[in-house]
Amino acid sequence: MSSAIERAPPTSISTDRVPSANPRSSHTASALMSPTPGSGDLLASHSSKTLPYTVASASSYNPQFPPDRILVDNSADVNSRWAAARPKEGYAEQWLLLRLTEKSVLRKITFGKHCRQHASNIRAFAVYAGPAPDKLTEVLSGQLNNSGISETFECRWKNRDGVAFPSEYVKIVPIDTHSPQFMPSIWHVSLAGLADPGVVANVTAEYASYCSSQTTRLILAHLRRSNQLAAFTALQSSSPHVQLEIPLLTSLHSAIVSSDGTGADWDAAEALLDQAAREGWFAEYIARVPPKARWRRIDGEWEAGREEIWPRGRGGHQMCWDGENDAIWMFGGYDGEKDLADLWRFDCATETWTLIDADTSSSGGPSPRSCHKLAFDDRTGHIYLLGKFYQALGPGGKLAPPGSESLSNDFWRYATRGARRGEWERLSADTSAEGGPKTIWDHQMVLSSDEQVLYLFGGKCLQIDGSFVLSGMFKYDILGRSWIMVFGDVAEGLPAAAPRPPARFGHIMLHDPIGRQLLIFAGQRDDALLTSTWSYSLSSSTSTLLPFPSPEGFAQRATYDASAREVHLYSGESFWVWRLADGGWTELEPVAGEWEPEGRYAHQMVRDKRRGVEWVFGGNPGEEGSVRLDDLWEVGLKSLSAEEVLRRAKFMVRRQRFLELCRSSPPAEALLYLQTNLSAIVDHADPAQSETFRALMAHLARSSSLGVGVEDGANEPASREQRTRVFEDVGRFFGRGERQPDEGLGELLEGGFLGA
């Protein structure tokens, strides 16, 4: 029927997000691995400059398009490119190897393009860098748009331990093209980074020192793992400047593995773990582990005859959060049969709905509608409303809103406080007549209270003949009551004065007040679901394509947590988090054993800044007929706690202690330990942990039936190997730089690029 997003298929929660303070000693991660810690951070203040290079070699090339063509940026010349030759049979990896004129720290790469779309443009790609062709590490993995706009990407220039590394070679590997039947082409490449001889010499020296220290640590770890204790002690004594791990872990190794052969001291091991938790040594691990989504359904549902108690099911509605009133406002939507014009307020403290107006159009407010947008002004308490879905009426496909013949784009404001509290004000009968957007739906709209400016991007703009175009970006000056068009849609394949996000509908746009930017991602253009993520700077009015593709989905919803600088996305099937500081999206698992919503789209989600949670209402479950959902959910993020990490670590220790009791003690003693000490730290509500506990009970039963007991002894060689594994598993709860290296010595001997 229509192409609107809503109608087309395709106890309070504790967030527990902040780890405890970490009053650790001076044994920091970088102190164990680098004699001059944090140099990577110091280099970040240096500005990047263009790095000259030559083409060292290529996997192959079409004689008409040799590799050196990429040295010149000539976007108008269709022949100014490298194109790989088609292999005679099968598949062959294609690549370009570049050599920097001087050893440098590579920080950015820019891909120039032909001025129009081209079938051989690469889509996915990877970039590697390092000191030699056979010692390269991946510094970038990304995707390019099929457009005439050049794209710049940040490269990783510090290893995972935060130490900067120099590079002399850069390898670009195309993974696929926008048209798979074509071989890849690269039109132009520009590299940028640090090339100052003094800076690069310091980086090279520090990296060499880091590699030397890491090599010693790898050998120490190898000697201790293989029980070559005399050699271990000798190397440790001769390398006093190299520390294998923090002292607490050295003590823990002695307690668990028992290097002196006297047997494990399990109680001492648990006391050391208690100390680690108190001193905050688990903080780095906790920060790395994604939180889990904890859902809670609010009791209530719509009932005929009690329409004022709970809203009816709907999709394509809009909600906004009001911090001063601690409330959520909801307006309109589509109930599966008709558009709505009801205004509701949800009290977040009492978790009750109040019907403010069953039909705002009858009291001088906006008409029934769906696929519109609301934006809340924290400073004034005003709610701004714009847009509505239109449907086809009559022969010729003429379009109009239900019950209307006009094609106007009315613009409204509602007061939640002040002298005009409870009143609607029509700011414009038709924004297109005042320089604003045409009749529009499935757009995005955000408000900057500090600037008193409303930003609108994307959406479908209706034409009088029934067709539609996609909207660019507009902004509305609230104080001056005026619209300005920031930029229009960029037709794919046409040159543009500057990069800008292609227009789309059903997408997401969020306001980042700290970064002074708008984040734009997801949505749909024609029949394609988009994943590209853009930043629009409110300071410089420029757009940047970010190397963090969003999850693909239909009519997804997202909010922004400004305090944590995180984007929270609910696709209707799964919950995602994007930490701007870290980059990349993470799909969160729900808390085990708890309810979560059924699948949906065209729902709404708002962020409650006071409680640090999101509220989700309604949506379309995708079923046949006119069913729309009327359920309300609260979702918060439950981070791992130090207490939970401590419990997991103790479980590993007690499990090994129990297994050794099964071999060396009477079954009754092992059973008592299982039922008391081990059972006490198992979360029996967690299916995985409960299954593990039952497996241990079964192990005891098998051991008893086979007659394994005191006479067999503890089997010390086997026990030492198992204890070593337990120690290393527990060690992973500490920071990477606080524990011994995870890698084995064999990886170094294979010529790996250390720590990259």
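Modeller: We will go through aromatic rings, charges over rings, helix packing and a few single residues. Keep in mind that this is a predicted model.

Biologist: How many aromatic pairs does the structure hold?

Modeller: It holds 33 aromatic pairs. One of them joins Trp353 and Phe617.

Biologist: What makes Trp353 and Phe617 an edge-to-face pair?

Modeller: Two values decide. The ring centres are 5.5 Å apart, and a pair needs centres within 6.5 Å. The planes stand at 65°, and over 60 counts as edge-to-face. Both conditions hold, so the label is edge-to-face.

Biologist: Why do you say that the pair ties together parts apart in sequence?

Modeller: Trp353 belongs to strand E15 (residues 352-357), Phe617 to strand E40 (residues 613-619), so the pair links parts 264 residues apart in sequence.

Biologist: Are Trp353 and Phe617 buried or exposed, and how do you know?

Modeller: Buried means under 20% relative accessible area. Trp353 has 7%, so it counts as buried. Phe617 has 0%, so it is buried too.

Biologist: Which residues form an aromatic cluster with Trp353 and Phe617?

Modeller: Trp310, Trp344, Phe346 and Trp615 form one aromatic cluster with them.

Biologist: Why is the charge of Lys171 said to sit over the ring of Trp95?

Modeller: The charged end of Lys171 is 5.1 Å from the centre of the Trp95 ring. The distance limit is 6 Å, and the charge must also be within 35 degrees of the ring normal. Lys171 is listed as sitting over the ring, so it meets both. Lys460 does likewise over the ring of Phe505, with its charged end 4.2 Å from the centre.

Biologist: Which residues of H5 meet H6?

Modeller: Leu248, Ser251, Leu252, Ala255 and Ile256 of H5 do. Their partners in H6 include Trp266, Leu272 and Leu273.

Biologist: What makes H3 roughly antiparallel to H4?

Modeller: Helix H3 (residues 197-225) and helix H4 (residues 229-238) have axes that cross at roughly 155°. That is over 145, so H3 is roughly antiparallel to H4. The crossing of H3 and H4 is left-handed. On the H3 side, the contact involves Thr216, Ile219, Leu220, Leu223 and Arg224. H4 brings Ala231, Phe232, Leu235 and Gln236.

Biologist: How do you know that Thr533 is buried?

Modeller: Thr533 has 0% relative accessibility, and the limit is under 20%, so it counts as buried. Thr533 lies in strand E33 (residues 533-537). Leaving aside neighbours within four places in sequence, its contacts include Ile520, Phe521 and Trp578.

Biologist: What is the phi of Ala555, and where is Ala555 found?

Modeller: Ala555 has a positive phi of about 55° although it is not a glycine. Ala555 is in the loop between strand E34 (543-546) and strand E35 (557-561). Its relative accessible area is 3%, so Ala555 is buried.

Biologist: Why is Arg565 called partly exposed?

Modeller: Arg565 has 29% relative accessibility. Buried is under 20% and exposed is over 50%, so Arg565 falls in between as partly exposed. Arg565 also has a positive phi, near 55°. Its place is in the loop between E35 and strand E36 (566-570).

How values were computed
Residues numbered from 1 in each chain as written. Predicted model: local features only at pLDDT ≥ 70, side-chain atom pairs only at ≥ 80, totals over all residues. Heavy atoms only, no water. Phe/Tyr/Trp six-rings, centres within 6.5 Å; stacked < 30°, edge-to-face > 60°. Helix = DSSP H or I, 4+ residues; strand = E, 2+ residues; numbered from the N terminus. Buried < 20%, exposed > 50% of the residue type's maximum accessible area, 1.4 Å probe, protein only. Contact = heavy atoms within 4.5 Å. Axes fitted to C-alpha atoms, helices over the stretch in contact; angles between N-to-C directions. Parallel < 35°, antiparallel > 145°, perpendicular 65-115°, else oblique. Left-handed = near helix turned anticlockwise from the far one by under 90°.
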